Each structure stands twice: as structure tokens, then as C-alpha cells.
Amino acid sequence: MIIILLGAPGAGKGTQSEILQERLNMMHVSSGDLLREHRKRGTELGKVAESYMTRGDLVPDDLVIAMIVERLAAPDVEHGIILDGFPRTGPQAAALDEALDTKGRRVNAALYINVEHDVLVNRLSGRLTCRLAGHIYHEVFAPPRVPGICDIDGAELYQRDDDKRETAAKRLEVYFEQTRPVIEYYRERGSLCEVNGDQSVEKVAQDLVDCLR
Ligand code: AP5
Ligand code: MG
């Protein structure tokens, strides 16, 4: 099974992926996490991606598509994939269909987590991320037990550089211009299921699972 999680920056894609991968026994593949990993390792891709990401722009399609196609060729994703943050342009959606088609696979469901703009701004400004494994918290909505420390692995929590006010605003703008059309792409194919993302984390997770029934 191949599931795509769609939604604006801050909609809860990463939060829900953490829950769904356990519940559905699937592999979580996040384009943003992969790019941050490349930046940390200082790879060529990481160096190129850095300037786009710190501005809040999308990394060029050809680079992101190549990165994801390579990831999807690994044996650990054979049982099922939750794709978070990809595709987010028309060409990325078409490239994904093409890559899956050559393996006789297809996108089974596109789950769209819908959240209003003002709520997104509050979520991004208070988000805290685990430096070791990317576990997600929020200063107010999902605080860690010990301030500044990840509950799961004890690593330091930090604010993503693209969560600073100006960059976060730019990312939301880019989303509404470039990524919203991808929702229509899946709606037209009959694979879209929309969920209200402005509910408790648990309720959103339940609604997403219900979409898959
Ligand atoms: P990426 O890392 O994918 O970021 P994003 O799509 O902007 O999404 P976020 O990770 O910000 O939000 P989320 O939906 O995962 O929300 P979360 O669960 O953390 O991309 C980063 C950058 O990489 C891009 O800007 C671009 O440059 C590049 N990139 C990545 N993919 C690309 C692609 N395909 N093509 C080109 N470039 C690409 O939750 C947010 C906060 O809300 C947290 O604090 C959380 O605790 C809280 N929260 C979550 N759910 C709830 C709830 N139900 N109630 C209350 N609080 C909640
Ligand atoms: Mg995320």
C-alpha cells in the first residue's frame, strides 16, 4: 500500500506519520527529513537544497524526484510507504506515478489534512523538533515532559530554521501557490480523502485510518 499525506506546512503530516507508521506497520518517507539529513551530512544535494530551504522555497523538482525515486528503490519500503511532503508539484506527482507504474504499483490513497491558515502559523511558530530523530513537539499543544528534551530519546529539541516567522510565512505562500493544485490532481483520480486537521492529534489519526477502510 502506498499512502500520500497532503497538507500545508504545520498541518500535522509528520505528527500523523509517526502514529500511522506504527499503527499500519508501514515505512515513513519524508522528503523534508531526507533533505535535512543531506544538509546535516553535507552532501552535494544538501548544499544545493540549503539555500532553497532557508528561503522557504521548494527545492527544484529534478533533484527531489531523483532523491525520492532512489529511496523508493530500497527493500525496506516493499511492504508499504507513507509519503510525507512529496509530491508537492504537478511534475512531482506525474513522476511518482511513472516511477510506481514501472514496478506495477500505484498510489492507493491521498490523505489531505486540511487546516486553516491562522492555526498553521501558531503551530509552526511553536514547533520543537528532536535533533536526533526528528520527533515533533509543540511548546503549547504537545510539550515535552522535560523542557527542551525529547521524551523518546533524550536528545535536544531545536527550532527548525525554516520555522522562523518570515520563512514560515513564505512556505505557506509557496504551498498555496504551488502545492494546492496537487490536491486536485488526486481528487480527479478519485483517490483523495479529506480530513479536518484542526482536531486533537488522536482524532485526526482516527479519521485518517477511517479513510483507508
Ligand atoms: P517539510 O519538512 O516537508 O515541511 P512542510 O511540508 O512545510 O511541513 P512541516 O514539516 O512544516 O509540517 P507538518 O505537516 O509535518 O506538521 P507537524 O506534524 O510537524 O519541507 C521543508 C522544506 O524542504 C520545504 O520548505 C522545501 O524547501 C523542502 N522540500 C521538502 N519536500 C519537498 C518537495 N517535495 N519538493 C521540493 N522541496 C521540498 O506539526 C506542526 C506542529 O503542529 C508541531 O508542533 C505539532 O506538535 C503540532 N501539531 C500537529 N498536529 C496537531 C494537532 N492536531 N493539534 C495541535 N497541534 C498539532
Ligand atoms: Mg513535517
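Modeller: In this predicted model, M27 stands opposite I81 in β3.

Colleague: What makes β2 and β3 a pair?

Modeller: A pair needs at least two bridges between the strands. β2 and β3, residues 81–84, have four bridges, in the parallel sense, so they count as paired.

Colleague: Why are β2 and β8 said to stand at the edges?

Modeller: The open sheet runs in the order β2-β3-β1-β4-β8, with parallel pairing. β2 (27–30) and β8 (192–196) each have a single partner strand, so one side of each lacks a neighbour in the sheet. On average, neighbouring strands of this sheet are turned by 20° against each other, direction ignored.

Colleague: What makes the approach of S31 to ligand 1 a polar contact?

Modeller: The cut-off is 3.5 Å between N or O atoms. A polar side-chain atom of S31 lies 2.7 Å from a nitrogen atom of ligand 1, so the pair counts as a polar contact. The backbone takes part as well: a backbone N or O atom of G14 is 2.9 Å from an oxygen atom of ligand 1, and a polar backbone atom of G85 is 2.9 Å from a nitrogen atom of the ligand.

Colleague: How much of ligand 1 does the protein bury?

Modeller: Ligand 1 taken alone exposes 1000 Å², and the protein buries 96% of that. Elements giving two or more residues to the shell around ligand 1 are α1 (13–24), α2 (31–41), α6 (117–126) and β6 (136–138). α2 gives the most, with four residues.

Colleague: Which residues come nearest to ligand 1?

Modeller: Of the 36 residues around ligand 1, these are T15, S31, D57, R127 and R171. By class, the shell has 15 nonpolar, 12 polar and nine charged residues.

Methods:
Residues are numbered from 1 along each chain as its sequence is written. Chains are lettered from A and ligands numbered from 1 in the order in which they are written. This is a predicted model: local features need pLDDT of at least 70, side-chain atom pairs count only at pLDDT 80 or more; totals for chains, interfaces and linings use all residues. Side-chain values use heavy atoms; hydrogens and water are left out. A residue is near a molecule or strand if one of its heavy atoms lies within 4 Å of it. A polar contact is a pair of N or O atoms within 3.5 Å; within protein, one must be able to donate a hydrogen and the other to accept it, and residues adjacent in sequence count only if both atoms are side-chain atoms. Accessible areas come from the Shrake-Rupley method with a 1.4 Å probe; for residues, only the protein chains shown count as cover. Ala, Val, Leu, Ile, Met, Phe, Trp, Tyr, Cys and Pro count as nonpolar, Asp, Glu, Lys and Arg as charged, and the others, Gly among them, as polar. Axes are lines fitted to C-alpha atoms, for helices over the stretch in contact, and angles run from 0 to 180 degrees between N-to-C directions.
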